Every structure is written in C-alpha cells, then in structure tokens.
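This briefing concerns the packing of helices and the arrangement of strands in one model. Please consult the sequence and the 3D structure shown here.

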Amino acid sequence: MHRPIRRAAFALAATLLVAVVAARTGRIDEPRSVVLVIIDDLGWADISPNQPDTGYDTPNFERLARDGLNFSRAYTAPVCSPSRVSLMTGRDPAASRTTEWFGTGKPRSARMLSAARINHLPLDIATMAERLKPAGYTTSFVGKWHLGGASEHHPEQRGFDHSAAASGRGNPGRDGYFAPYNDFIGLDAPEGEHLPERLTSETLAFIEKAAKADSPFLSVLSFYSVHTPLGGRPDVVKKYEDRFAKLEPHDSVYAIEEQVWPNRREPRRVRIAQTNAVYAAMVEAVDEQLGRLMDALDAMDLSDNTVLLVVSDNGGLSTSEGSPTSNLPLRGGKGWLYEGGIRVPLLARFPGERGGRTIAHPVQSQDVYATVLDAATIEDDGTRGRSLRAVAAGDAADEPIFLHYPHYANQGGFPGGVVIEGDWKFIRRYEDGRTHLYNLGRDLSERGDLAASEPSRTARMAEMLDRWLIEHDASMLRPRAEGQRPWSPAISEPSRPRP
C-alpha cells in the first residue's frame with residue numbers, strides 16, 4: 001500500500017474511532033448551538049410520550065420523542081423558582097437557600113415556620129449564559145424568568161444579550177395570555193394574538209439573526225403556559241369542550257389526596273380527570289409552538305448542529321388554584337414531593353444521536369445545565385449535574401437524587417426531603433419526622449408505604465438525607481413559639497459552609 005493511502009486510511013480510522021468514542025461516552029467533540037424550552041407547570045402525564053391516554057393532543061411532543069430521547073424519570077423541585085435556579089446554574093437550591101418560589105408575599109407557615117430563604121438568584125452564581133458568552137456564544141432569554149424582581153437580577157444582567165417578556169413575575173397576569181399584552185409582558189402584537197405564539201416569534205427572530213451572523217447561540221424559550229390564570233384560544237377550547245362532552249361521565253372529577261398541615265382540618269382534593277378544556281387548549285398551544293420551532297430549525301439548516309432540550313419546571317397543578325390537570329398515574333401534583341409534583345417531561349434531541357429511545361435512568365434539572373455546557377464543550381464547574389448525552393450512553397455514574405423543600409406549599413404539600421436511588425424513593429416530613437419508602441418500579445402511584453417492612457433500607461436512606469442536608473447547610477423549619485424546637489437531622493456534627 002502506498003504511504004499516502006496508508007495515511008488516509010489511518011486518518012479515516014482515527015476519525016471513525018473518535019466518532020465511536022463520542023457516541024459511547026456521550027461527549028460532544030465540537031461546540032453546538034442550544035435551544036432550551038422551559039414549560040411552566042406542564043405535568044408528566046400531560047404529554048402522550050409519557051401517558052398515551054392523555055386527554056390532550058401533543059403530536060409534536062411525539063415527534064420530538066421519535067427524533068430524540070425521552071427521559072421518563074426526570075426530577076425537579078416541586079415549585080418553579082428553585083427548579084429554575086438549578087436549570088440556569090446547575091446548583092442545588094438547598095446550598096443557596098433558594099428553596100421556595102420568589103415573591104414578595106409572606107412565606108406560608110402552619111404549626112412551624114417555613115425555612116429561611118432568599119428571594120432571587122444570587123449574583124455570585126454563574127448562569128449558563130455567563131458560562132457560554134466567553135466561548136463566543138450569542139445568548140437570548142424570552143419569556144418567564146422568575147429568578148428575581150429587581151433589575152440587577154433580570155436576564156440581561158445575567159449573561160443574556162437579548163431578553164423579552166422576562167421579569168420577576170411568575171405568571172402573565174389576568175388576561176395576559178392575549179394581546180394587547182400588559183406592561184409586564186411589554187410586547188407589541190396584533191390584538192388577540194396568543195402569548196405562546198409571540199414568545200416563539202421573538203425566539204425565532206433571535207435565532208435567525210444569530211444564524212446569519214454565523215454565531216453559535218444559546219436560546220432559552222420559557223413559556224408562561226400552562227400556568228394559571230388559564231388562557232386558551234377560543235377555537236381550541238371549543239374543540240376540547242366538544243370532545244370532553246362526549247366522554248363517559250366520571251363518578252367524580254376529584255378524589256381526596258390526604259389531610260395536610262396538621263393545624264388544618266379539611267383534606268386536600270386532587271384532580272383525577274384530564275377534562276379541563278381551557279387547560280387542554282393551552283397544552284396544545286405549547287405543542288403547536290414546539291412544532292413551529294422544530295420546523296424553523298429544519299428550514300434554517302440548524303437542526304444538524306443544534307441541541308434541543310424541552311423540560312417543565314415542576315409537576316402539573318392538580319390540588320389547588322382550580323386544579324386544572326390530573327397527573328395520574330402519579331400521585332399529587334405541583335407543590336408536593338410525590339411523583340406528580342417532582343417528575344416532569346424532559347425530552348432532548350442531539351445531532352447525530354439515534355432517536356426514538358426512552359431513557360428510564362433518573363435525571364434531574366441540574367443535568368440540563370450540564371448538558372448545555374457539554375454542548376458548548378465547556379468543562380463543568382463542580383456542579384452535580386451530568387450531561388444527558390452521557391446518561392443516554394450509559395456513561396454517567398449512578399448517583400442518588402436529593403430534593404429539599406422546607407416550606408408549606410400553596411398547593412397543600414408538606415415540607416420535606418426526598419432521596420431517589422434507583423427504583424427506591426424515600427420521603428421525610430420535616431414537621432414531625434415521619435418517613436415513607438416506596439418502590440417506584442412496582443408502585444408508581446406511591447400507595448404502598450414500605451418504611452415499616454424495610455427498616456434497614458429506610459434507615460440507610462434517612463442517613464443519606466441527613467448527611468446531604470448537613471453538607472449543604474440546608475435551611476430547615478423554625479419553631480413558631482419560644483421553647484418549641486424544630487425537627488432537625490439526627491447527625492450531630494458541625495455543618496459545613498455552603499458551597
């Protein structure tokens with residue numbers, strides 16, 4: 001064989017080897033652009049890739065699942081701001097005391113006071129945009145931010161070159177889903193336009209401009225949908241009203257979840273039927289805009305070099321504020337530490353990755369941040385997140401997932417902590433120290449508590465949570481009256497400084 005031919009053959013073999021290694025490890029060998037779509041309050045069971053019998057039409061979620069990966073066990077905090085902290089920074093909210101939704105209202109308390117917390121994303125924690133900009137990325141954030149109300153906390157001060165309709169507010173306000181939009185949304189549009197359409201248009205305008213400049217980009221499209229107050233297009237609402245009217249009537253739209261907050265007498269209702277026509281129309285509107293986004297990436301020849309990530313910030317709202325959706329077969333909903341509150345839709349499409357797979361390995365919102373950095377070939381900065389590509393390739397370590405929510409949720413949920421290890425899920429209620437243990441592989445609806453029959457496993461997972469709380473110097477419930485002591489971790493050792 002002539003030497004040039006041997007060199008060419010060697011080069012080809014090396015290229016193929018690199019490609020095989022990249023595919024096996026999940027690593028990306030050149031920077032990619034990233035589109036991150038965040039949907040507000042979308043339940044795990046609201047989309048057909050997770051729940052084929054869902055009451056809502058989601059063909060573009062199905063399309064994304066066929067073309068990409070469906071992470072069927074993705075976890076977030078049970079409410080919005082803490083999950084957005086971990087999405088944007090890869091940091092656990094427990095370490096920065098950002099464990100509750102950000103707002104000016106007094107924290108809700110019951111027999112004990114909710115844990116101390118701060119009301120914004122700390123300025124000394126870098127966002128994904130602040131990490132990508134030095135690498136030459138152009139960055140945009142459109143839609144719900146909810147990471148601090150003061151101007152110094154807004155996206156344009158946190159690494160994003162462009163932002164629209166973003167501030168400290170958590171919902172678009174009354175009638176905010178239709179133009180003319182209020183001052184808070186601040187977007188000009190034809191009267192009657194639906195907000196999801198406008199947010200997508202703003203996003204696509206940014207992407208087109210970045211593509212023409214031949215710049216790698218990070219584009220975050222953060223829908224206010226499907227958060228209350230609900231606002232669906234009348235024509236789509238009518239479609240679902242007609243559909244739901246033809247269904248067999250339910251014995252009840254609601255069931256009783258449990259008695260919550262020991263100082264309250266009434267039990268909490270949970271919705272068990274996906275028959276709210278306005279909510280259904282809102283889910284379909286988001287699905288429609290997701291399809292529009294994917295079509296545009298294809299039309300601009302960007303799909304082959306763009307990572308697309310789609311995630312919800314917490315579980316579906318099923319126990320409060322009108323209870324617009326059902327999360328069955330999952331238990332509970334937004335604000336709860338049961339699966340309905342913390343298990344969310346998460347889908348990803350990677351250039352060159354074989355699609356149509358469901359990944360059942362547990363992942364969490366910090367992994368989205370790690371995936372964005374991986375797409376930009378930027379080294380992680382010490383967070384616990386793992387690239388979703390590495391998880392899909394089987395190259396990520398099996399690590400437990402911890403969640404810490406030391407607050408009384410608006411939706412009725414109790415303060416507590418969670419450890420998820422494989423199929424096993426441990427819950428501790430902070431108010432009285434009661435513990436629960438479930439095997440999610442056999443009991444997805446969390447109805448068979450195994451804490452008493454599995455004492456060794458319960459004790460081991462309780463100790464795991466104790467050590468994690470100490471490591472993160474986690475803020476806990478506080479006594480309401482002098483002399484009353486809060487429940488605290490059993491381990492009596494000095495806590496470490498917050499990371």
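The model is predicted: local features need pLDDT of at least 70, side-chain atom pairs count only at pLDDT 80 or more, and totals for chains, interfaces and linings use all residues. Residues are numbered from 1 along each chain as its sequence is written, and side-chain values use heavy atoms, with hydrogens and water left out.

**Helix pair**
- The axes of α3 (residues 80–89) and α10 (residues 365–375) come within 6 Å and cross at roughly 25°; axes are lines fitted to C-alpha atoms, for helices over the stretch in contact, and angles run from 0 to 180 degrees between N-to-C directions.
- Helices (H or I, at least four residues) and strands (E, at least two) are DSSP runs, numbered from the N terminus.
- In the contact (heavy atoms within 4.5 Å), S83, S86, L87, M88 and T89 of α3 meet S365, Q366, V368 and Y369 of α10.

**Sheet**
- Eight strands form an open sheet with mixed pairing, in the order β5-β4-β6-β1-β9-β11-β2-β12; two strands pair if DSSP finds at least two bridges between them.
- The edge strands, β5 (162–164) and β12 (357–359), each pair on one side only.
- Strands β4 (residues 138–143) and β6 (residues 217–222) run parallel and are joined by six bridges; T139 has L218 in β6 as its bridge partner.

**Helix on strands**
- Helix α3 lies across β1, β4, β6 and β9, and runs at about 175° to β1.
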